[in-house]
Amino acid sequence: MFNKDSRLDIHTFYKNMINLLNKDLRLDIHHLLFLSCAILTAAIAIYFVGFIFSTAMPVFESQGIIGFLTGTEWNYGKNIYGIKIFIFGTMIMTLITLLLAVPISLFTAIFLAEYAPSRVVYTIRPLIELLVGIPSVVYGIFGLFVLEDIFNLHVEPFLVSTLGYIPLFSDNTPNSGQGLLLASSILGVMILPTITALSEDAIRSVKHEYKEASFSMGATHWETIRNVILPAASGGIISSIVLGMMRAMGETMAIVMLLGNMKTIPSSFLSYGYAMTSKILNDIGFYVNQAEPRSALFGIAAVLFLLEIIFVALSRKIGGKA
Amino acid sequence: MNYRHIKGNIFKSVSYMSGALTVLILIGILGTITVKGLPELSLSFIFSSESEIQGFGGAIGNAVIGTVFLSLLSTILATPLAIGTAVYLTKYSKGGIISRSLSFLLDVMSGTPSIVLGIFGLLLLVYYMNTFTGGFSLISGSIALAILILPVIERATEEAINRVPGDIEDASYALGATRWETIKLVTLPYALTGILTGIVLSIGRAAEESAVVILTAGYSQFFPEFGVSPSEKLIFGVKIAPFQDLIAALPITVYHSFEFPHLVSVSEGFAAAFVLIVIVMAINAVTRLIVWRRRIG
């Protein structure tokens, strides 16, 4: 009897409390639960961003932001840190990657959305999605153990013999296939499915009426694609390219294996380089205990992160989210 | 045939060739990995730990188990938070500046270069908090991976909730249900397929990640142990295995064939890569099955 009563009491107490929160304080316990989830997520995100930038702060103070970005020397002994070489390595590599990947993925997207019969689309699209599922280390060893030989023995000599009179195609490392072109080719394959899938979606979501209007004016299929569909889909296509670019810039494991890790600004398509991500990965294990070098490595991460934040803002702007 | 049609045909064939090239690249990569990895594959290679075979290299059982542990634990950590945040953003928030900034933050997180997250985990979880996490450990790796996949699950949940037809939610409100009852009994069950798809995809995302794992989970040639043992370095004086213990992961085994080529041969690297791709593909297949079952029934 006593037990039953006390249980009842607890039940009414709980009910009263909910009522109190609900009605009297105008609070909803479930609202509170979800709000705290959102606050916790936001706290993690803000702490993460803050942690990266505050750990990087000492190096920005000691080198100056301009000095850090434009310096060419990186020396732990002398405490001089400049990341110009790494910035150029990453930038040039990303640029070549886009030059290789964007045309192929764009035309593949046009093929899938406009030309291919639906049966072909249903076979090819899962295959392309499979490409996304291949881990980046696997791309790395594929590039290193399979493509490196092919590049060294066939691709690079061919390029040098046909285009070698242009300085951009000179081969400074004749015994190795590593370098910008190899790294960019692999990166290109890695971002190809992203750009293809998102561009295809963008092309497909163009209103049918636009297309029909263009056909009724007597335009050919290609003219319709070129002058109506692509401009209408350009927002989605550009944000897919930005997304692919972010993936290329942030890639670590494959690049550390393929770019050659040499501290020079690459002078040709075939020469070695050193990417920002590779520098962090190669050195952080040795210097995580020492304040100055650690701060310098976090400085690279902060610059990379800042670029990424800018691109996210950019792609949200294009994608229509405020 | 005039000039305009010739131009059209040229670009049409360029499109066809691009499509064919993409398929060729894919088949080339998958084919090469299979051909190079298959000779090394055997049951003992997949199911024994490296310590049982030759100390380092020679088997991947420890890495397979480690990958399963890491991806499952990180998903378990991230899922409640991600779903809660998504429900808040879609159903409770008024769409003001704060929720828009949170949405922006989530986009930033989902695009974070993995190396940046990796060194964050290395410094915070492995060094600063090593009395809690045990340094390089399963729990450090899982927390870092959870931060990585949180936005993936959150975005998937948000999309799934947004796809729920407003009519049936209105019907629920019309019957006198409260907002929470509507979310619990109408919105979430309807969006379940989309949410599950997001969760499964994020398991795959955690399984294939390497830069974060190598900087937070370390590596171990042994199968994970279970149990509690005394340890002076850790808080409470005990070490809880496997959580505070080193753990291996398949992507790192693959990386070892680059880092220590004389210990882990190239063909072993490709065999590990093959198993990793099969695992990720199986996870993707499960996703498709979820979506497909939903469409039928």
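Two residues are in contact if their C-beta atoms, placed from the backbone, lie within 7 Å. By this criterion, 7 residues of domain 1 of chain A are in contact with 8 residues of domain 2 of chain A. The structure is a predicted model.

The two parts of chain A were examined next. The domain assignment places residues 2–63 in domain 1 of chain A and residues 84–319 in domain 2 of chain A. Their C-alpha centres are separated by 41 Å. On the side of domain 1 of chain A that touches domain 2 of chain A, 6 residues are nonpolar. A further 1 is polar, and no charged residue is present on that side.

Domain 1 of chain B brings 7 residues to the contact, and domain 2 of chain B brings 8 residues. The side of domain 1 of chain B that touches domain 2 of chain B holds 3 nonpolar, 2 polar and 2 charged residues.

The chains also meet each other. Contacts link 66 residues of chain B with 70 residues of chain A. Several helices of chain B each supply at least two residues to the side that touches chain A. Among them are helix 4 (61–92), helix 8 (138–163), helix 10 (179–208) and helix 13 (266–296) of chain B. Helix 5 (97–111), helix 6 (114–128) and helix 12 (250–259) of chain B are also included. Helix 1 of chain B, residues 3–37, gives the most, with 19 residues. By residue class, the side of chain B that touches chain A comprises 43 nonpolar, 17 polar and 6 charged residues.

One position in chain A was followed individually. Ala296(A) sits in helix 12 of chain A, which spans residues 291–319. Ala296(A) counts as buried because it has 28 C-beta neighbours inside 10 Å, and the cut-off for a buried residue is 20 or more. Neighbours within four places in sequence set aside, Ala296(A) is in contact with Val59(A) and Tyr81(A). Ile83(A) provides a further reference point. Ala296(A) and Ile83(A) are 213 residues apart in sequence. In space, their C-alpha atoms are 9.4 Å apart.

Definitions and conventions:
Residues are numbered from 1 along each chain as its sequence is written. Chains are lettered from A and ligands numbered from 1 in the order in which they are written. This is a predicted model: local features need pLDDT of at least 70, side-chain atom pairs count only at pLDDT 80 or more; totals for chains, interfaces and linings use all residues. Helices (H or I, at least four residues) and strands (E, at least two) are DSSP runs, numbered from the N terminus. A residue is buried if 20 or more other C-beta atoms lie within 10 Å of its own, exposed if 12 or fewer, and partly exposed in between; C-beta atoms are placed from the backbone. Ala, Val, Leu, Ile, Met, Phe, Trp, Tyr, Cys and Pro count as nonpolar, Asp, Glu, Lys and Arg as charged, and the others, Gly among them, as polar. Domain bounds come from an automatic or database domain assignment.
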